[in-house]
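Please open the model in your viewer and keep the selection tool at hand. We will go from stop to stop, and at each one you will learn what to select and what is there.

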2 protein chains.
Amino acid sequence: MSTPSRPGPLRLGIAGLGTVGVGVVKIVAQHADLLALRAGRPITISAVCATSRTKDRGIDIAPYAWEDDPVALARRDDVDVVIELMGGENGAAKALVETALTHGKDVVTANKALLARHGNALARLAETNGRTLRFEAAVAGGIPVIKSMVEGLAGNRVKRVMGVMNGTCNYILTRMESAGLPYDVVFEEARKLGYLEADPNLDVGGIDAGHKLSLLSAIAFGTAVDFDAVVLQGIGAISIDDIKLARDMGYSIKLLGVAQMTGRGLEQRMTPCLVPETHPLGQLQGGTNMVVVEGDSVGQIVLRGAGAGEGPTASAVMGDVMDIARGLRLPTFGQPADTLTEAPAAVVGTGASWYLRMTLLDKPGALAKIATILGDAGVSIDRMRQYSHDDAHAPVLIVTHKATSDDIALALARFGESGVVVGQPMALRIEEV
Amino acid sequence: MSTPSRPGPLRLGIAGLGTVGVGVVKIVAQHADLLALRAGRPITISAVCATSRTKDRGIDIAPYAWEDDPVALARRDDVDVVIELMGGENGAAKALVETALTHGKDVVTANKALLARHGNALARLAETNGRTLRFEAAVAGGIPVIKSMVEGLAGNRVKRVMGVMNGTCNYILTRMESAGLPYDVVFEEARKLGYLEADPNLDVGGIDAGHKLSLLSAIAFGTAVDFDAVVLQGIGAISIDDIKLARDMGYSIKLLGVAQMTGRGLEQRMTPCLVPETHPLGQLQGGTNMVVVEGDSVGQIVLRGAGAGEGPTASAVMGDVMDIARGLRLPTFGQPADTLTEAPAAVVGTGASWYLRMTLLDKPGALAKIATILGDAGVSIDRMRQYSHDDAHAPVLIVTHKATSDDIALALARFGESGVVVGQPMALRIEEV
């Protein structure tokens, strides 16, 4: 694209007219003057593409050319930027993005799965073709977190990035607490409310949030995207008892993503954690998202906003579009794709206190046996409490001093062989924030 | 500046080597490789300028050329970007920025007072000279709020922007509450801790925070910076009783900046307000800053971080420097300076509930008189409470239904003439967040 003193309109091709696509069309139509004023040039839509041409979406798509085939959209001469809102980590979305980048188009996508799987290759493809690939909408909805990290905090070495980035999980956990309802009941509520993906494990299994974390890690630490290295643990095993016990100790349970560079490699985990209820992370209610970035100069920055929905996600897409309209051209992850390093995954996480909840057979020496196993595993106990009970099963809560996940895993394995632990113990990390 | 395929180093000239200037020098020195990787070119320092050449600042300035005169710094051929960290709304800082912009340099400044007074003219000067003038560090320290608003949320029409942007005031208010100490005592503490400006009224009078609000308003609403239109009220009259009474009703008192476009013009105020203690604004403790941006698409975005200090402020300066190094060139306030509109100031603010605290003479009919005055002023009462007392003075708390600041001002004036109100009543807006 040449850079005349008065650039012409930036022409969009939108692939995918679901909630977010409709939101983007609305913003472009309703804020045409405002966008032109801010970008210094008009933003227009040339063509759209979706599965159904006739579906009533509450917007008029007649002014735009129609394509049945997204790849054809990516080849159109009257499209400068392809907006990929189809979803899916392979297939049509990938073909669309690749075609667009190799046909002189910049790309804006909200597709976290695609980038978590193919982000390194696509970033490279964008650079070799002199194009821009941007993805603000893929992480934490309307929160400008990619921009903040890549640009605003570019003077910092990032020490840690954390986030609550799946609104459905946070809705379920906070609703369990506020209504005193068990997981299964709230899960069904969420399903009925349409909060869950077609495959709910993408949400409650932490996969969707893990995709997002892997993208933030790449930016934060200059490492190649490595979703497979993200330690994933879903929220399905969290009980209302866990939530209440955590609250009694001053903590909230969150599906928390944490990435940090350690002496043993890059640690990436998306797991339920205890966080202090006084920290903004602990106070986060419902479907809201939050990302916490810790830089060596800036300290702790907290960004909070809607993590999904038509308006917020479309807002993020438009932020990227406006940047492209204004001529900003940056590598996808903030530095050239071929400089992203292959960091080893830190198998053993940094140490932390742990919350352990288990049920013991109520017989002499059971508690002592547990304490001995912990000691032998190198885990020392900060607090231990056995609750009153009516049957032969005694609920026990233990908070440990700092221990690694390996030490905890070892202890849990030995609990299973101890003959005194009933069922599966729950082990949750207490994240220092 | 030409744009070769491999741009040379971006060369800085730093005017002012106080806390922030030292922080910038440290980042450039310590993160040279990281910055070059991210910017695609080295960031170097050519020259520095400060009041004392020999003062021990804990950094080695020998590698940099020295200028006694900031204007001479702004004229140097080996400087691409002038970083203005001198402060002051006129005089040397203004001359420095003007000289830099007219001598082919981009400018990064942390000077909110300068921009609140001369931002429109300086933005215009930058544009007519084809230069960039950036000021992330001038508002809310390390929080990338300017970038988020100008760029990340560029697809939104902003509905309201709010912020707690003076850490000293928030420190004083939260310390009063946590320690149960009166204003004067905590003020002295803050002074001894070095939290206060040489002229404390810049902090506790709301002027510094008002400067910042006026800059956010310009970006949010596309209006010329109009600091004189900011309604200012300091925190000096807030008593420990106010803080306790507010807390009893579920509110915190914050020096809160609010800007919104109304049917009657642009409303800008920096005043102590009650905000719900459950909102992130109400939970903000100590010297931390917070900005809340409400966009028509994105909803409510909350940004939180350190509002001052060497590292955070230097981080913001470096964010601007990195943008310039990467070739981003935007108008200072997000749209061309000559398109910023002159919005009339909304003299009458939007309606709100109000907190009114006063002391009444304990005589028959006093409370009725107050209630009548409020009714006559068009202010209806939501809650009213008279507290038990030992002397002839009865403390009274009133929470009103929605009323304008004009209605409240009218009622307050009549309270003064009523013969039953002792001293000055306290009136605080309850901001709906």
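The tour below goes from the pair of chains to single strands and residues.

**Stop 1: the two chains**

Before you start, keep in mind that this is a predicted model.

**Stop 2: where the chains meet**

How many residues of chain A are in contact with chain B? Select the interface and you will find 46 residues of chain A touching 46 residues of chain B. On the chain A side, at least two residues each come from α1, α2 (32-39), α6 (145-152), α12 (280-283), β12 (299-306) and α13 (310-325). Colour this side by class and you get 20 nonpolar, 19 polar and seven charged residues. Of the interface residues of chain A, 100% are also interface residues in chain B, so the copies meet through the same surface.

Now zoom in on β12 in both chains. β12(A) and β12(B), which covers residues 299-306 of chain B, run antiparallel and are joined by three bridges. As a landmark, select Arg304(A) and look opposite: Val302(B) is there, in β12(B). In general, strands of a sheet pair through backbone hydrogen bonds, either parallel or antiparallel.

**Stop 3: the domains of chain A**

The domain assignment divides chain A into domain 1 (10-138), domain 2 (145-307) and domain 3 (353-430). Give each domain its own colour. The centres of domain 1 and domain 2 of chain A, taken over C-alpha atoms, are 28 Å apart. Ten residues from domain 1 of chain A and eleven residues from domain 2 of chain A make the contact. On the domain 1 side of this contact in chain A, five residues are nonpolar, two are polar and three are charged.

**Stop 4: a sheet with parallel pairing**

Stay in chain A and show the strands β1 to β6. In which order do the strands of this open sheet of six lie? Reading across, the order is β3-β2-β1-β4-β5-β6 (chain A), with parallel pairing. At the edges stand β3 (65-67) and β6 (133-134) of chain A, each with a single partner strand, so one side of each is left without a neighbour in the sheet.

Helix α1 (residues 19-30) of chain A lies across β1 (10-15), β2 and β4 (81-84) of chain A, and runs at about 155° to β1(A). Helix α4 (residues 91-102) of chain A lies across β1, β4, β5 (106-109) and β6 of chain A, at about 170° to β4(A).

**Stop 5: one alanine in a helix**

Select Ala220(A), which lies in helix α10 (residues 207-221) of chain A. Is Ala220(A) buried or exposed? Ala220(A) has 27 other C-beta atoms within 10 Å, so this residue is buried. Apart from neighbours within four places in sequence, Ala220(A) is in contact with Met149(A), Val158(A), Val161(A) and Ala259(A).

**Stop 6: strands of chain B**

Bring chain B back and return to β12(B). Seven of its eight residues are buried, so β12(B) is largely enclosed by the rest of the structure. Strand β11 (residues 288-295) of chain B runs antiparallel to β12(B), joined by eight bridges. The two strands β11(B) and β12(B) form a hairpin, with three residues between them. Select Glu294(B) and find its bridge partner in β12(B), Gln300(B).

With β13 (residues 353-361) of chain B, β16(B) pairs in the antiparallel sense over seven bridges. Finish on Arg429(B) in β16(B): this residue is the bridge partner of Cys273(B), and Trp354(B) stands opposite Arg429(B) too.

How values were computed: Residues are numbered from 1 along each chain as its sequence is written. Chains are lettered from A and ligands numbered from 1 in the order in which they are written. This is a predicted model: local features need pLDDT of at least 70, side-chain atom pairs count only at pLDDT 80 or more; totals for chains, interfaces and linings use all residues. Two residues are in contact if their C-beta atoms, placed from the backbone, lie within 7 Å. Domain bounds come from an automatic or database domain assignment. Ala, Val, Leu, Ile, Met, Phe, Trp, Tyr, Cys and Pro count as nonpolar, Asp, Glu, Lys and Arg as charged, and the others, Gly among them, as polar. Two strands pair if DSSP finds at least two bridges between them. Helices (H or I, at least four residues) and strands (E, at least two) are DSSP runs, numbered from the N terminus. Axes are lines fitted to C-alpha atoms, for helices over the stretch in contact, and angles run from 0 to 180 degrees between N-to-C directions. A residue is buried if 20 or more other C-beta atoms lie within 10 Å of its own, exposed if 12 or fewer, and partly exposed in between; C-beta atoms are placed from the backbone.
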